[in-house]
Amino acid sequence: MIDEIRTLVAFAEEGSIQRVADRVRLTQPAVSRQVQRLEALLGGALLDRRQKPPQLTALGARAVEKGREILAAFEEMKALAHGAEPRGVFRLGLANGLSDDGVSSIVAEVVDGFGGISLHLKTGWSGELAELYRQGQLDAAIVLGEAPPGGGAVIGHEELAVIAASQFADRWRAGDFTLADMPWVLSPEPCDARRLLASRVGRRHLPVTGELDDPRLQLAWVRRGAGASLLPRRLLHAVGEGIEEIEAASLALTLPVVLLASPHLGARGVVADTLAARLSDVFDRAFEAPDSRPGRNSPKRSRPKTVL
């Protein structure tokens, strides 16, 4: 019956019999028969087949929730035969704003340390990843901003700096711009940092001169003097010549880094715990270290007393 439960959970995640068949490497009729056997056992319809494609019934949704718990318990039972070594696929979501080489390298190192784990990594905006996690399509997600309903652990804080080309920074210091009318080079909505910036400036629609997904293109556009941008302070050392930080202390641009991890991971829970510990160390160090701006040397910053 484990296979039938696994197929139902896969349907909840994939949304169609065909995609489930591709995922579990069965024919569509075989997938349908598995669902029918589970329906016969439970005594009720799990799928509403009047809709195209079929949708989960209320009983089906409850069965999926309980099924995930059963599958997690089954993985724990299997682990008894293999010691405490975690095994299987670990589906991780990583916020776009955290997908730099440093964080990505840590994720790879942690996963490589568990020989029985295969990583399935998805990047995206925090809201998107939180929704995929809520739907059970991710085992864990590392996102920016407030923890969504259902909880999450704050593992650090990402402090953002305002950067600009040197000639642009000179114009800022000369008073050519205010925070309200400064032109910006930013990631597209719903970028977490962009939303925080808009709330701090008090403008729903910022004057954006460049809307770019790729951080390298953003830096190139900033270097041309197209406007100011945002960058994690821990990455300031890598921006190169011609770009500097703009002093805008009133913005207080700090985002919590939140780990969402399923309580049904079983032995794989140690992977999430290890990731949290490694990344927490990185963000703590970045937040508390002396200022890394070229040519600057400020005292240590204190951690904010409240979370945004």
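Helices (DSSP runs of H or I, at least four residues) and strands (DSSP runs of E, at least two residues) are numbered from the N terminus. The model described here is predicted: local features need pLDDT of at least 70, side-chain atom pairs count only at pLDDT 80 or more, and totals for chains, interfaces and linings use all residues. Residues are numbered from 1 along each chain as its sequence is written, and side-chain values use heavy atoms, with hydrogens and water left out.

Two cis peptide bonds are described first. One joins Lys52 and Pro53, with omega at about -5 degrees. Pro53 sits in the loop between β1 (47-48) and β2 (55-56). The other runs from Glu189 to Pro190, where omega is near 5 degrees. Pro190 belongs to the loop between β7 (184-186) and α8.

Helix α8 follows. Burial is judged by relative accessible area: buried means under 20%, exposed over 50%, and partly exposed in between (1.4 Å probe, protein chains only). Helix α8 covers residues 192-201, and seven of its ten residues are buried, so the helix is largely enclosed by the rest of the structure. The buried residues are Asp192, Ala193, Arg194, Leu196, Leu197, Ala198 and Val201. Just after α8, Gly202 adopts a positive phi of about 85 degrees.

The pocket analysis used a 1 Å grid over the protein atoms alone. A pocket is an open set of points with protein on both sides within 12 Å along at least five of seven lines, whereas a cavity is a set of points where a 1.4 Å probe fits but cannot get out. Lining residues have an atom within 4 Å of a point. Grid points are joined across faces, edges and corners, and a volume is the space filled by probe spheres set on the points. The largest pocket has a volume of about 1,400 Å³. Its lining comprises 45 residues, and Glu13, Arg68, Arg91, Gly136 and Asp139 lie nearest its centre. Elements giving two or more residues to this lining are α1 (2-14), α2 (17-24), α4 (58-79), β3 (88-95), β4 (117-124), α6 (126-134) and β11 (254-261). Helix α4 supplies the largest share, nine residues.

Charged pairs come next. Side chains of opposite charge can pair when their charged atoms come close. A salt bridge is taken as a side-chain nitrogen of Lys or Arg within 4 Å of a carboxyl oxygen of Asp or Glu. The count by this rule is 23 salt bridges. One of them joins the side chains of Glu13 and Arg91, at 3.2 Å from N to O. This pair links distant parts of the chain, with Glu13 in helix α1 and Arg91 in strand β3, 78 residues apart. Glu13 is buried at 10% relative accessibility. Arg91 is buried too, with a relative accessible area of 17%. A network of salt bridges links Glu13, Arg68, Arg91, Asp139 and Arg268.

A second pair is formed by Arg233 and Glu159, with 3.4 Å from N to O. Lys66 forms a salt bridge with Glu69, and their closest N and O atoms are 3.2 Å apart. Both lie in helix α4, three residues apart, about one turn of the helix. Lys66 is partly exposed at 49% relative accessibility, and Glu69 is partly exposed at 29%.

Aromatic rings were also searched. Rings of Phe, Tyr and Trp (its six-membered ring) pair if their centres lie within 6.5 Å; planes under 30 degrees apart count as stacked, over 60 as edge-to-face and the rest as tilted. The whole structure holds one aromatic pair. The ring centres of Phe168 and Phe177 are 4.7 Å apart and their planes meet at 15 degrees, so the pair is stacked. Phe168 is buried, at 3% relative accessible area. Phe177 is buried as well, at 13%.

In strand β5 (residues 140-144) lies Ile142. Ile142 is buried, with 1% relative accessibility. The C-alpha atoms of Ile142 and Leu259 are separated by 4.6 Å, although the two residues are 117 apart along the chain.
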